[in-house]
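These notes are meant for a colleague opening the model for the first time. Please keep the sequence and the 3D view side by side while reading.

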Amino acid sequence: VTSENVTGADIVSYARNYLGYKYTSGGATPSRGFDCSGFTTYVYKHFGISLSRTSSGQNSNGMSVSKSEMKAGDIICFSGSSGSKRISHVGIYIGGGKFIHAANSRQGVIISNVSGDGYYFVSARRIIK
């Protein structure tokens with residue numbers, strides 16, 4: 001699979017391989033563990049696609065899509081509080097109102113709901129066509 005013909009389903013399928021892996025601040029590999037942006041960077045890098053290394057940086061990668069237009073494989077950026085636009089977390093949309101992400105040191109890589117679950121949606125970014 002090359003970056004030209006990678007699909008959202010490919011991204012999600014690969015990301016799911018890491019469910020249950022540990023969270024490590026600053027981590028960007030399966031052996032060390034992942035932080036949120038390290039996880040998204042690692043998954044996309046597998047397909048030859050470079051992302052910014054920070055969650056706030058990833059908010060300017062790709063093109064903006066509305067919450068209602070999100071497709072599997074899109075990156076979702078969140079803030080830590082309602083009404084804030086400061087990006088503090090990022091994950092990969094998997095469809096059905098859910099996303100996969102490196103949550104925290106207690107939970108590691110998990111699937112959560114986009115709405116609720118304590119994450120405040122700020123933006124979605126389409127990285128692949």
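1. Strand β4 and strand β8 (residues 120-126) pair in the antiparallel sense, joined by five bridges. Strands here are DSSP runs of E of at least two residues, and helices are DSSP runs of H or I of at least four, numbered from the N terminus. Two strands are taken to pair if DSSP finds at least two bridges between them. Within this pairing, F78 stands opposite F121 in β8.

2. Basis of the notes: this is a predicted model, in which local features need pLDDT of at least 70 and side-chain atom pairs count only at pLDDT 80 or more, while totals for chains, interfaces and linings use all residues. Residues are numbered from 1 along each chain as its sequence is written, and side-chain values use heavy atoms, with hydrogens and water left out.

3. β4 also has strand β5 (residues 89-95) as an antiparallel neighbour, with four bridges between them. On that side, F78 has H89 in β5 as its bridge partner.

4. Is strand β4 (residues 75-79) buried or exposed? Five of its five residues are buried, so the rest of the structure largely encloses β4. Buried means under 20% relative accessible area, exposed means over 50%, and partly exposed lies in between (1.4 Å probe, protein chains only). In a regular strand, side chains alternate between the two faces of the sheet. In β4 both faces are covered, with I75, C77 and S79 buried on one side and I76 and F78 on the other.

5. Helix α1 (residues 8-16) has G8, I11, V12, Y14 and A15 as its buried residues. They lie on the same side of α1, because they cover an arc of only 165 degrees around the axis; the arc is that of the directions from the helix axis to the C-beta atoms. Their cover includes α2 (36-46), β5 and β6 (98-102).

6. α1 and α2 pack with their axes 10 Å apart and at an angle of about 120 degrees. That angle makes α1 oblique to α2. Angles under 35 degrees count as roughly parallel, over 145 as roughly antiparallel, 65 to 115 as roughly perpendicular, and the rest as oblique. I11, Y14 and A15 in α1 meet F39, Y42, V43, Y44 and H46 in α2.

7. R16 also belongs to helix α1. With 39% relative accessibility, R16 counts as partly exposed. Leaving aside neighbours within four places in sequence, R16 is in contact (heavy atoms within 4.5 Å) with I94, I100 and I111.

How values were computed:
Axes fitted to C-alpha atoms, helices over the stretch in contact; angles between N-to-C directions.
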